[in-house]
Amino acid sequence: MLWSTIHLALKEMRRNLLRSFLTMLGIVIGVAAVVTMVTLGNGATKAVSDQIASLGSNLLMLMPGQRPGPNRDRTSAAPFKAADVLAVKSQVGGIKALAPTTGASVTAVWMAKNWSTSVTGSNNDYFVAGNWTLAGGRTFSDGELAAGSPVCVVGETIRTKLFEGQNPVGNAIRIKNFSCEVIGLLKSKGQASMGRDQDDAIIMPLKTVQRRLAGSPNISSMMLSAKDGADTDAVKARLESLMRERRHIDEGEDDDFNVLDTREIATAMSGSTQILTALLGAVAAVSLLVGGIGIMNIMLVSVTERTREIGTRLAIGALEREVLLQFLVEAVTLSSFGGLVGLALATTASVALTRLMGLPYVFNLQINVVAFVFSAAMGVLFGYLPARRAAGLDPIEALRHE
């Protein structure tokens, strides 16, 4: 019974192919829009998560000054000292890497080329905390760190802008009034959150930057990477307690420093993209509703056109429920075919758009299944009224219909 009904539905669709296609079009567009929007949103969320993860694993960043906000003073906080770094290293457990940093904006020159960039002074823990790996060369030796030698490790952008893609290791670049030997090249990490180019960087020993560029032994920030399995919240709490003690902050007073946990950034940004994805998906779902209304409209027209056919079936013994099922199956078949075509279109569009936008393609089985089931449900919901109308026709009046 069901298979013969489906066969009749397919036969009716073939008989009015153009009308069937136009009827499905609303469902096709609705399903494609919902799935594409959600897929792009998932890709954006993963891209944000990957960018945050590229900053470093279990990373905490300690900086002087208060976090942005009303009545917050971010300018008068004292910088950190070398003794603060030693205290953190000896008194805060669970730390895998501790990298004090200070920086300066400079113009790097090699032969006839120059490039405005930033220099960061730190130690070898900087590469561990920041998840950096070398594409060539080496990191700093203990002697170079202790003496503040003019050596540096550069990022991929520096290699591209100054050395035109050549291997920079072994060459010397000029920064202000001194030459710095390039001893290492970092693997590319691309853009971080907010569009910052992570590869546009020059890393030098901390003492080199303090003496030759900053002119001060101050430390502008510290990067801390917690050990795998360590409780990052506990490390953060101990760090905050230690810094309040060392900076003589009384109980009830606000901190003049802040500890930034990259997990908080990842959670906040991922949450924002997920909310945006949900909103876009909800807006796109409206077109599914419009498609369902289109199906109901066409099915009502079909009932009117086929009144004599319905009367003939009822007159020769067809039951009302059989007529009801026939028209309901036609509506569900139309919407289901539209759903399948919409999924195919969404997959093609999602792959193309993620490549165009530079986002990872994340296949979400759940949204594909939900979109297809919802499209079929549109056929049941909006096909029932026309089907009920067809089943309720009086056979005698239907046979008289012109």
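Residues are termed buried at under 20% relative accessible area, exposed at over 50%, and partly exposed in between (1.4 Å probe, protein chains only). The model is predicted: local features need pLDDT of at least 70 and side-chain atom pairs pLDDT 80 or more, while totals for chains, interfaces and linings use all residues. Residues are numbered from 1 along each chain as its sequence is written, and side-chain values use heavy atoms, without hydrogens or water.

By the buried criterion, F127 and F140 are both buried. W110 and F163 are buried as well.

A search of the whole structure gives three aromatic pairs. Rings of Phe, Tyr and Trp (its six-membered ring) pair if their centres lie within 6.5 Å; planes under 30 degrees apart are stacked, over 60 edge-to-face, and the rest tilted. The ring centres of W110 and F163 are 4.5 Å apart and the planes stand at 40°, so this pair is tilted. W110 belongs to strand β2 (residues 95-110) and F163 to helix α6 (residues 156-163), so the pair ties together parts 53 residues apart in sequence. Helices (H or I, at least four residues) and strands (E, at least two) are DSSP runs, numbered from the N terminus.

For F127 and F140, the centres are 5.9 Å apart and the planes at 45°, so this pair is also tilted. F127 lies in helix α4 (residues 125-129). F140 lies in the loop between β4 (134-137) and α5 (142-147). Y126, F127 and F140 form one aromatic cluster.

Charges also sit over rings, defined by NZ of Lys or CZ of Arg within 6 Å of the ring centre and within 35 degrees of the ring normal. The charged end of K189 sits over the W132 ring, 4.1 Å from its centre. That of R212 sits over the F178 ring, 5.0 Å from its centre.
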